[in-house]
Structures are given as C-alpha cells and as structure tokens.
Amino acid sequence: MGVLATIGDGRVTRDVVARRLRGGKRDASGTAFRAVLLAALVVTLAVLAVLLVDVWTGGWSVLSTRFGDFINGTLSSRANRAGVFQGIRGSFWIAMFTIVLAFPLGIGAAIYLEEYAPNTRFSRIVDINIRNLAGVPSVVYGILGFAIFVKALGGFTGGRTVMAAGITLAILVLPIVIITSAEAIRAVPDNLREAGFGVGATRWEVIRHHVLPYAAPGILTGTVLSLARALGEAAPLILVGATTDFLGGGKGSLVDIGQLTDRFTALPIVITTWAGRPQVEFRALTSAAIVVLLAVVLLFNAAAILLRNRYEKKRR
Amino acid sequence: MALTVPQLLGPSLREQLSGTSRRQRRETVVKTALRASAALSILISVLIVLSLVREAWTFVSQVEWATLLDDGWFPRRGLYDVRTLVVGSLIVAAIAMAVAAPLGLGAAVFLAEYAPPRLRRMLKPILEVLAGIPSVVLGFFALTWISTEIVQRVQDDAPQSNLMAAGIGVGILTIPLIASISEDAMRSVPSALREASYGMGARKLTTTVRVVIPAAVSGLVAAFIVAISRAIGETMVVFIAAGATGGSLYTHDPFEPGQTMTAAMAAQAAGTDAVRGAALTFQSLFFVGLLLFLITLALNVAADRVVRRVRQKY
C-alpha cells in the first residue's frame with residue numbers, strides 16, 4: 001500500500017508546490033480532465049442504477065401480488081399462473097454439482113501448482129493451459145458438454161439432463177476456482193511453511209494444517225464468486241439442451257435425487273425464454289425472475305467481496 | 001506428537017523427522033491425487049478441441065464451399081454464410097469497445113490516480129457488483145431499455161431487436177473487466193515515478209497522462225484485448241437483444257437485427273427439440289464453435305504476449 005500512503009500523505013505538499021510552480025494560475029485543463037474521468041465513473045454507476053431500478057419496477061407487479069405463487073409455480077404459457085420453481089430447482093442442482101466437483105478439484109489443482117509443482121514443463125503447460133481455459137467463451141463449454149456429457153457419456157448422465165448441465169458448468173468455473181485459489185495460496189508467507197517443515201511435518205501436513213487455514217478466506221472468496229458465475233450462466237445450458245419451453249413432470253421436491261436424470265431448466269434459461277415472448281405480461285414476469293436471480297447472485301457476490309475486504313484489513 | 005528431549009537427541013531423530021511409512025504413504029497418495037486434478041485441466045482442453053474438431057471436420061469436408069459465402073446464415077436451409085456471423089461479431093465487439101473503453105479506462109484512471117482512498121474503497125465493490133450481473137440480465141435490459149430509450153431515439157426506424165442495442169449491452173458487461181485490469185496496471189506503477197514527475201513540477205494531469213499511463217501501457221493494452229475477446233465470446237446479450245434467431249441475412253448495418261457467432265450457436269441449439277435441419281446443420285454448429293474458439297484463443301494469447309513483452313520490470 002506504499003502507493004496510497006505516499007499519495008495520501010504527500011497530497012498537501014505536492015499541491016502547494018505545484019501551485020507555486022505554476023505561479024498561482026488555475027489548472028483549468030487538469031480540472032477538466034478530472035471531471036471527465038469522474039463522469040466516466042458516474043455514467044457507469046448510473047447505468048447500474050438504471051438497470052436495477054428498471055428491473056425492480058418492472059417485476060414489482062408480479063412480486064407484490066403473488067410472490068409465493070411465483071416462486072412455487074411451474075412454467076406455464078399462461079402468464080398469470082407461471083412461476084420459476086423448476087428454474088430454481090435446476091439452478092440449485094447446478095450449484096450442487098459446482099460445489100461437489102469444481103471446488104475440490106480446483107482447490108486440489110491450485111495446491112499442486114503452488115505447493116508441489118517444481119518448475120517443470122508439465123507445471124508450466126498446466127499453468128498456461130488453465131489461463132487459456134479461463135478465456136474460452138462459455139458457449140464453447142456448451143459444445144463440450146453436448147459432445148461429451150450428453151452424447152458420449154449419455155448412458156451415464158441420461159442425455160440432456162441436469163446432471164450433464166451441472167458437470168458442464170462445474171468444468172466451466174474450474175479455471176476460475178484454480179486461479180483464485182492459487183492466488184490465495186501464493187499469498188501465504190513462506191515462514192509459515194518453513195516453521196512447519198522445521199518441526200518435522202510432511203508437506204501435506206504443512207499444507208493441511210498451516211497453508212490451507214491461512215489461505216481459506218481467499219479460497220472461499222474465489223469459490224463463492226465462481227458459484228455466482230455458474231448460477232448466472234445460460235449459454236452452455238442452451239447447448240447442453242435445457243428446456244426452453246414447457247417442462248413436463250410438474251413439481252417434485254427441490255432435493256429429490258431422482259430428477260438428476262430428468263430434463264431440466266434453470267433460472268437464466270427461464271429468463272431467456274420469457275424475454276423472447278412479446279406479450280407485456282411476460283415482460284413483468286421476466287423482470288420478476290431477474291429480481292430472483294439477481295438476489296441470489298448479488299448476495300453471493302456481496303458475501304465474497306465483504307469476506308475479502310475483511311480479511312485484507314485484518315492481515316495488514 | 002510431543003517429543004521428549006532424550007527422544008529428540010537420540011539416534012531416532014532422523015527417523016522421527018522422516019516419519020513412519022504410513023505418513024509417507026499418505027504423502028504419496030495425496031500428491032498423486034493433487035497432481036491428477038491439475039492434469040485434469042489438460043484433459044479438459046483436449047476434450048474441448050476434440051469435440052469441436054471432429055464434427056467441424058465433417059462440416060468442412062462435406063459442405064459446398066459456395067454456400068459459405070452466400071445469402072446469409074440460414075443453417076436450416078443449408079446456407080452457411082460465415083461472413084454474416086463474423087461481421088456480426090465484429091460489429092458487436094466494436095460497439096462494445098466504443099462504450100467500454102472510454103468508460104472503463106476513465107473509471108480506472110479516476111480510481112487509481114484521483115480518488116481518495118476512502119472513496120475508492122466505496123466505489124470498487126460497486127463496480128464489482130456490475131461485474132457480477134449475469135449476461136441474461138443485460139440481454140433483457142438491452143432489449144427492453146437500451147433499445148427503446150437510447151437506440152430508437154437516435155434512429156427511430158430501428159427495430160427493437162438490433163445489433164446496436166446488443167453491442168451497448170455487451171459493452172456495459174465489459175466495463176468492469178477493463179476497469180479492473182487497467183486499474184491494477186496503473187496501481188502497480190511505482191510511486192517513485194509519480195514523485196519524480198511531481199518533483200520536476202509536473203501537474204497531476206501531466207503526471208497521469210505522460211508518466212503513469214505510458215508506464216502501465218502493457219496492462220492497458222492487455223485489458224482491451226481481453227475485453228474484445230470477452231465481447232466476441234459473449235452469447236446471451238446478443239441472443240436476446242439482437243433478434244434474428246432463425247438466421248440472418250448479411251448485414252453491416254448496426255441498426256438492423258443480426259447475428260454473431262455465439263448467438264448463432266445458441267439459436268441453433270435452442271431452436272427445436274434436437275439440433276437438426278438440413279444435412280449439415282448440426283455440424284455447422286461445431287464449425288462456428290471452432291472458429292470462435294480459435295479467434296478468442298488467439299486474442300487471449302496475444303494479450304498474454306503483450307503483458308510479457310512490454311511489461312517493464314521495476
């Protein structure tokens with residue numbers, strides 16, 4: 001934080017000196033520049049505000065009159081009865097797959113890269129590979145999901161099911177989990193490890209008892225962010241074959257394992273489908289579904305940001 | 001396990017420290033498992049390439065080349081004018097950058113150089129909120145608000161679904177990306193450079209524009225390249241807001257409905273129960289996917305190169 005402190009402390013002196021050097025003239029272009037920069041920031045924040053207000057007011061008519069009905073209802077072509085329950089259920093299972101698959105594998109890979117991997121060709125290739133994977137468009141992961149988990153492994157996943165979708169999204173966020181976890185592990189001071197080795201602990205014991213607990217907040221932040229990403233993603237699900245229309249099978253409970261091999265939909269898919277309908281009622285429904293999705297995603301994001309800020313402050 | 005002093009001093013010290021065979025076995029197992037999860041990422045890459053290339057090759061080897069440059073993208077009718085999609089993607093990316101580059105860079109310069117620490121701590125999380133908004137939400141916003149409140153006011157005969165609205169939507173989505181990478185780049189410029197500049201009597205404006213930004217230029221260029229790659233790869237905003245889900249005639253008018261590589265893939269998969277149509281409709285999906293994969297990969301590698309080559313070591 002050296003940069004901040006210097007600027008913060010040096011501000012007064014610097015400004016006084018600068019004014020003297022300019023001979024007391026006003027710095028018009030400097031002020032204008034600052035105003036332009038501030039305007040860029042304000043416009044960005046204004047867009048965010050307009051978006052949130054627009055969605056909220058648009059969905060209010062649905063959320064205020066039949067909230068419970070909307071959350072528990074199933075997809076229907078009649079706007080006054082349609083609800084998002086199946087979407088929530090699909091998104092819930094996708095989140096579960098992400099947690100069960102992407103988190104352990106991603107954290108494991110990060111531990112290997114940071115703690116074990118010597119600077120060999122293998123580790124360098126893995127490293128470059130992961131950074132490239134993180135930049136692959138999500139729709140391409142959809143192709144992977146379709147070719148591998150729907151077609152090639154269709155006997156196991158049941159084809160276009162929530163299981164295929166969940167595995168696909170777990171793979172999509174895996175690079176993000178690895179990169180953020182690796183950063184958190186890299187930030188662990190070396191003397192912690194050396195102390196562990198010094199008392200005879202094995203490498204894994206040092207990792208398990210010293211490195212991971214220290215890096216936990218950072219890892220948790222990354223995983224929560226990646227979970228939010230998985231929940232908001234729609235394009236791969238369309239490729240994997242989420243139902244964009246009427247979904248049979250009715251309700252069924254949220255956590256029933258049997259539905260893992262059923263056709264599915266998810267909240268972002270519901271939003272996409274409804275956004276494509278021209279009727280005004282569906283516009284309100286779409287806004288309401290967006291409010292539900294944003295509530296979940298932004299809650300996760302906010303939690304991750306708060307967590308990180310808190311620990312950053314503590315460590316200093 | 002607590003060790004007594006005689007134990008520590010005795011001949012068994014080395015044995016104690018090197019651990020029992022059970023401990024060492026566990027060590028090997030853990031290491032193998034971790035190594036496997038790291039290697040998994042390579043398997044994923046291989047699978048991505050394989051699943052793209054197999055069907056794409058079928059497409060390339062069987063398609064009549066004339067249909068690749070003919071009358072627009074209507075895969076169900078056997079018309080595969082790839083130009084339509086590539087130009088659509090370029091238009092959307094260009095509009096997105098026209099929106100995101102000034103806003104993102106401006107916000108980044110303000111946060112890195114001008115904002116007092118406390119204001120910065122308040123504003124950054126808000127930008128991160130914007131980064132967390134799912135693209136379907138921006139797609140809907142682009143279709144219902146940007147299109148009617150901005151695009152149709154400028155060009156009142158534009159249809160509600162158009163490339164301009166989609167491009168602006170994608171741009172908004174990439175602002176946080178540009179802002180955060182650029183800000184990081186500028187904040188990693190050592191303060192000694194700024195102080196030297198002030199010491200010469202330079203103003204804040206001069207210092208920022210002539211010293212800090214040139215010093216951070218590798219990061220800024222990388223931010224733009226990554227943002228272009230992201231804009232080309234963005235699917236849902238275009239799918240929802242640009243219309244033309246059944247296929248599109250060749251157009252380079254941003255006020256018309258149009259299609260990008262990504263949206264064409266989603267439209268094709270969402271269309272009917274199975275991905276079917278004319279003989280090669282199914283395979284064309286993979287061909288476009290491969291094209292998209294190669295373009296974004298090239299951009300990402302380029303961004304990486306820029307950072308590596310131009311970066312100054314302080």
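Reply: Axes are lines fitted to C-alpha atoms, for helices over the stretch in contact, and angles run from 0 to 180 degrees between N-to-C directions. Helices (H or I, at least four residues) and strands (E, at least two) are DSSP runs, numbered from the N terminus. The model is predicted: local features need pLDDT of at least 70, side-chain atom pairs count only at pLDDT 80 or more, and totals for chains, interfaces and linings use all residues. Residues are numbered from 1 along each chain as its sequence is written, while chains are lettered from A and ligands numbered from 1 in the order in which they are written.

Me: How is a pair of packed helices described, and at what angle do H2(A) and H5(B) pack?

Reply: Two packed helices are described by the angle between their axes and the distance between the axes. Here, helix H2 (residues 28–72) of chain A packs against helix H5 (residues 117–132) of chain B at about 50 degrees, and their axes are 10 Å apart. H2(A) and H5(B) are therefore oblique to each other. As for the hand, a crossing is left-handed if the near helix is turned anticlockwise from the far one by less than a right angle, and right-handed if clockwise. H2(A) and H5(B) cross in the left-handed sense.

Me: Which residues make the contact between H2(A) and H5(B)?

Reply: Two residues are in contact if their C-beta atoms, placed from the backbone, lie within 7 Å. H2(A) contributes Leu41(A), Thr44(A), Leu45(A) and Leu48(A), and H5(B) contributes Leu123(B), Ile126(B), Val129(B) and Leu130(B). For classes, Ala, Val, Leu, Ile, Met, Phe, Trp, Tyr, Cys and Pro count as nonpolar, Asp, Glu, Lys and Arg as charged, and the others, Gly among them, as polar. On that basis the contact of H2(A) with H5(B) holds 7 nonpolar, 1 polar and no charged residues.

Me: At what angle do H2(A) and H4(B) cross?

Reply: The axes of H2(A) and helix H4 (residues 82–114) of chain B cross at roughly 115 degrees and come within 8 Å. The crossing of this pair, H2(A) and H4(B), is left-handed. Among the residues in contact are Arg34(A), Leu41(A) and Thr44(A) of H2(A), and Pro102(B), Phe110(B) and Tyr114(B) of H4(B). The contact of H2(A) with H4(B) divides by class into 12 nonpolar, 2 polar and 1 charged residues.

Me: How many residues does each chain give to the contact between the chains?

Reply: Chain A gives 74 residues and chain B gives 73. On the side of chain B that touches chain A, helix H3 (residues 21–62) of chain B gives the most, with 19 residues. That side of chain B comprises 44 nonpolar, 19 polar and 10 charged residues.

Me: Is Glu183(B) buried or exposed?

Reply: A residue is buried if 20 or more other C-beta atoms lie within 10 Å of its own, exposed if 12 or fewer, and partly exposed in between, with C-beta atoms placed from the backbone. Glu183(B) counts as buried because it has 26 C-beta neighbours inside 10 Å. Glu183(B) belongs to helix H7 (residues 163–187) of chain B. Leaving aside neighbours within four places in sequence, Glu183(B) is in contact with Ala108(B), Leu111(B) and Ala112(B).

Me: Where is Pro104(A) placed?

Reply: Pro104(A) is in helix H3 (residues 85–116) of chain A. Pro104(A) is partly exposed, because 13 other C-beta atoms lie within 10 Å.

Terms used: Parallel < 35°, antiparallel > 145°, perpendicular 65-115°, else oblique.
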